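Subject: Structure for your attention, with notes

Dear colleague,

Please find the structure below, followed by my notes on what was found in it. I would be glad if you could read the notes with the coordinates open beside you.

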Amino acid sequence: MPVRSLFVIFMLLLCGTHVHAQAIKGEVLDEDKQPVSGVHVENIYTSLAVQSGEQGAFIIAATSDQLLEFKKTGYKT
């Protein structure tokens, strides 16, 4: 088998196993089910971070095996 063919097969295998991030949509609510704005939402694997909006909504890229961390002064992380 020529070297070029092996390289193409190898690249196809890599592409086939690559996991693509999805847009994760969520809403941050307090214990009283009220929206919490200004929450720092960070994907700790990629360091990508966003802030929740006025109604607590956020969108961030992540895969199912990654972890999101939520931080705001006065709240537990």
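A salt bridge is taken here as a side-chain nitrogen of Lys or Arg within 4 Å of a carboxyl oxygen of Asp or Glu. By that criterion the structure holds 1 salt bridge, in which the side chains of Lys71 and Glu69 meet at 3.4 Å, N to O. Side chains of opposite charge can pair when their charged atoms come close. Both partners are partly exposed, Lys71 with a relative accessibility of 37% and Glu69 with a relative accessible area of 26%; in these notes buried means under 20% relative accessible area, exposed over 50%, and partly exposed in between, with a 1.4 Å probe and protein chains only.

Some points on provenance come next. This is a predicted model, in which local features need pLDDT of at least 70 and side-chain atom pairs count only at pLDDT 80 or more, whereas totals for chains, interfaces and linings use all residues. Residues are numbered from 1 along each chain as its sequence is written, and side-chain values use heavy atoms, with hydrogens and water left out.

As to the overall layout, the protein has 1 helix and 5 strands, arranged along the sequence in the pattern α-β-β-β-β-β; helices (H or I, at least four residues) and strands (E, at least two) are DSSP runs, numbered from the N terminus. Of the 77 residues in the protein, 16% are buried. The accessible surface comes to about 6,200 Å², and carbon and sulfur atoms account for 59% of that area, as computed by the Shrake-Rupley method with a 1.4 Å probe, where for residues only the protein chains shown count as cover. Where contact means heavy atoms within 4.5 Å, 45% of the contacts between residues at least 6 apart in sequence join residues that are at least 24 apart.

The largest nonpolar core consists of 6 residues, namely Val28, Val36, Val39, Val41, Phe58 and Ile60, a nonpolar core being a set of buried Ala, Val, Leu, Ile, Met, Phe, Trp, Tyr and Cys residues joined through side-chain atoms within 4.5 Å. Leaving aside neighbours within four places in sequence, Val41 is in contact with residues including Phe58 and Ile60, and also with Glu69, the residue that takes part in the salt bridge with Lys71.

Ser52, in the loop between E3 and E4, is buried, with a relative accessible area of 6%, and a polar atom of its side chain lies 2.9 Å from the backbone nitrogen of Val39.

Asn43, in strand E2, is buried at 0% relative accessibility. The C-alpha atoms of Asn43 and Leu68 are separated by 4.5 Å, although the two residues are 25 apart along the chain. With neighbours within four places set aside, Asn43 is in contact with Leu48, Ile60, Ala61, Ala62, Gln66, Leu67 and Leu68.

Leu67, one of those contacts of Asn43, is found in the loop between strand E4 (57–62) and strand E5 (68–71), and is partly exposed at 47% relative accessible area. Together with Ile44 and Tyr45, Leu67 makes a nonpolar surface patch of about 310 Å²; patches are made of residues with over 30% relative accessible area and no salt bridge, like charges being joined within 9 Å and nonpolar side chains (Val, Leu, Ile, Met, Phe, Trp, Tyr) within 5 Å.

Most residues other than glycine have a negative phi, and most peptide bonds are trans. Lys33, in the loop between strand E1 (22–27) and strand E2 (40–43), has a positive phi near 65° and is exposed, with a relative accessible area of 65%. Ser47, in the loop between E2 and strand E3 (49–51), likewise has a positive phi, of about 65°, and counts as exposed at 52% relative accessibility.

With kind regards

Methods
A polar contact is a pair of N or O atoms within 3.5 Å; within protein, one must be able to donate a hydrogen and the other to accept it, and residues adjacent in sequence count only if both atoms are side-chain atoms.
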